[in-house]
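Please view the sequence and the structure first.

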Amino acid sequence: MHPIPAALLAVASLAVLASEAQAQDSGGKWSFSAGAATDNRSKDASKSDGNPFVYGGAEWANASGLFYASGSLETIDAGGSNLESELALGLRPEFAGFDFDLNVAHKNRFDADPGYDADAWEFTADTKRSIGPASARLRLQYSPDSTGSTEAFTWVALRGGWDFTNKLNVSAEIGYRDQDNSVDYTGWNVGGSYALTPKVELDLRWHDTDADVAGEQYKGALVAGVNFAF
């Protein structure tokens, strides 16, 4: 099956499951997002070999916002694949002034080269806190077997941000990725986002790592993007 129809089928399957849950929870809500940027950066490393990318996604959350299910597609350039899908289930509880986001996601890279490990499970735990204009997030992410030659990895990152206005936010993040059968590195990014409208946001951010590896994947880059919410 062609990668785009296959990925759309996967997202549609998730939508059916979420719709069934919504039938039992009339207060459930759908949201949609899309966007593009000059580079596809994940954990400060490029997934598109330094080239522009586009993405689109859908999420359903129940009435309380505690449970959610999501699906997304994004363009990449890795292992012979140009398209990656992600299906995720998660919880967003609140406790003692902290917001948590706990999820499990399955990722798949379509039409990858023969022998390339094209799918992976990832487990993510975010802890967030906002006090006035200041915000912080601690992220812990783990995969028992990532894509490509990378086996297990752990990513730990701390991000801090400041709202200068109700439209302008500036933030910085530093993280460390420990990878089996691949390079370990420290990554960081700093930049700002500006809300043109309640549904359109611009982002400009510098990403870099300390990995001494040839090619664009771990090389520093200034990334400009636009995100749409529906």
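A salt bridge is counted when a side-chain nitrogen of Lys or Arg is within 4 Å of a carboxyl oxygen of Asp or Glu. The model is predicted, so local features need pLDDT of at least 70 and side-chain atom pairs count only at pLDDT 80 or more, while totals for chains, interfaces and linings use all residues. Residues are numbered from 1 along each chain as its sequence is written, and side-chain values use heavy atoms, with hydrogens and water left out.

The structure holds 12 salt bridges.

| Pair | N to O distance |
|---|---|
| E84 and K47 | 2.7 Å |
| E59 and R92 | 3.1 Å |
| D203 and R205 | 3.3 Å |

E84 forms a salt bridge with K47. E84 is in strand β6 (residues 81–91) and K47 is in the loop between β3 (45–46) and β4 (53–61), 37 residues apart. Strands (E, at least two residues) are DSSP runs, numbered from the N terminus. K47 and E84 also belong to a network of salt bridges that includes E74 and R109.

E59 and R92 meet through their side chains. Because E59 lies in strand β4 and R92 in the loop between β6 and β7 (94–95), this pair ties together parts that are 33 residues apart in sequence.

Buried means under 20% relative accessible area, exposed over 50%, and partly exposed in between (1.4 Å probe, protein chains only). E84 is buried at 3%, and K47 is buried at 11%. E59 counts as buried at 19%, whereas R92 is partly exposed at 29%. R205, the partner of D203, is buried at 10%.

How values were computed
Helix = DSSP H or I, 4+ residues; strand = E, 2+ residues; numbered from the N terminus.
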